[in-house]
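Trainee: I've got a new model open and I'd like to learn how to read it. Can you walk me through it?

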Amino acid sequence: MLKGNKNKLSKDYQIDEIPYFLEMLEEPIVDYDCSVLCRDSKDDMAYCCQPGNALPLLYKTEYQYLRTLSDFWGEWKPTTKEGRQMLEYAGENQIFAECSDPRNCKRKERSITCRVFPLEPYIDRRGVFVCLTFMQSFLEYDEDLGRGKCPLAMHTKDIRQEFIDSHFLFWQSLLLRFPREYQIYKSSSASLRKYNKKNKSDIILFYPSSYKNIKSMRDYI
Ligand code: SF4
Ligand code: SF4
């Protein structure tokens with residue numbers, strides 16, 4: 001491409017790309033509503049939909065797009081020192097946001113973060129994106145709840161292959177586009193290996209159909 005060509009593709013997601021990505025992430029993760037596993041009987045809310053447990057981080061263009069649909073999403077405004085420190089985790093093209101009614105999800109208006117939860121890319125020892133894994137922090141035990149944070153971790157066999165396949169394609173395109181995010185997942189995968197080695201446990205991995213029968217894919221896990 002010619003230097004200075006104004007038509008070159010921007011690195012950031014453009015607003016008209018967002019519906020395509022949201023559609024790509026429509027596959028349900030399981031064949032049932034997994035919030036039955038974690039709905040808090042007191043608050044009647046899924047664990048991952050409570051901002052205190054998982055605060056959605058949206059691309060700014062994604063936020064702009066969702067705001068064209070309705071006012072279901074609003075910018076998250078921190079009220080504490082810890083909250084203000086959280087803002088440092090957002091990239092320049094990202095914004096923390098919260099939906100206005102977590103008890104009544106507008107499924108068609110879920111953010112990318114809501115749709116991909118609770119899986120994320122796993123980058124192997126070579127630095128290659130080979131599969132998805134469970135977000136480590138949601139595997140942790142919650143003392144107050146007396147169980148793991150996301151109970152779906154105990155039902156990994158229920159996770160649909162169609163979900164894994166379409167999400168793998170989504171992440172592949174995202175990691176190529178955003179080197180910062182590739183580095184984040186490279187580092188979280190390394191820390192997952194370290195944690196599992198120390199605890200003599202296995203990493204939970206979800207391979208896309210195209211890689212499932214390739215044994216050499218396991219060599220650098
Ligand atoms: S993904 Fe996990 S935390 Fe979220 S609704 Fe399903 S079981 Fe609950
Ligand atoms: S949009 Fe839906 S899935 Fe996302 S946080 Fe709100 S209620 Fe939960």
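Predicted model: local features only at pLDDT ≥ 70, side-chain atom pairs only at ≥ 80, totals over all residues.

Trainee: Okay, so which residue stands opposite L205 in β8?

Mentor: T133 does. The general idea is that strands of a sheet pair through backbone hydrogen bonds, either parallel or antiparallel. Here, β5 (residues 129–134) and β8 pair in the antiparallel sense, over 2 bridges.

Trainee: What is the strand order in the open sheet?

Mentor: The order is β4-β5-β8, 3 strands with antiparallel pairing. β4 (119–123) and β8 (205–206) each have a single partner strand, so they stand at the edges, with one side of each lacking a neighbour in the sheet.

Trainee: Which helices lie across these strands?

Mentor: Look at α5 and α6. Helix α5 (residues 161–177) lies across β4, β5 and β8, and runs at about 115° to β5. Helix α6 (residues 179–198) lies across β4 and β5, at about 85° to β4.

Trainee: Let's zoom out. How is the protein chain divided into domains?

Mentor: There's domain 1 (12–112) and domain 2 (118–221). Their C-alpha centres lie 20 Å apart. At the interface, 14 residues of domain 1 are in contact with 15 residues of domain 2. The side of domain 1 that touches domain 2 has 11 nonpolar, 1 polar and 2 charged residues.

Trainee: And the ligands? Where does ligand 1 lie?

Mentor: Ask which domains give residues to its shell. For ligand 1, both domain 1 and domain 2 do, so ligand 1 lies between them. Its surroundings include C34, C38, C48, F117 and C150. By class, that shell has 11 nonpolar, 1 polar and no charged residues.

Trainee: What surrounds ligand 2?

Mentor: Ligand 2 has C49, P56, C99, P102, C105, R110 and C114 around it. Sort that shell by class and you get 6 nonpolar, no polar and 1 charged.

Note on methods:
Residues numbered from 1 in each chain as written. Chains lettered and ligands numbered in written order. Near = placed C-beta within 6 Å. Nonpolar A, V, L, I, M, F, W, Y, C, P; charged D, E, K, R; others polar. Pairing = 2+ DSSP bridges. Helix = DSSP H or I, 4+ residues; strand = E, 2+ residues; numbered from the N terminus. Contact = placed C-beta atoms within 7 Å. Axes fitted to C-alpha atoms, helices over the stretch in contact; angles between N-to-C directions. Domains from an automatic or database assignment.
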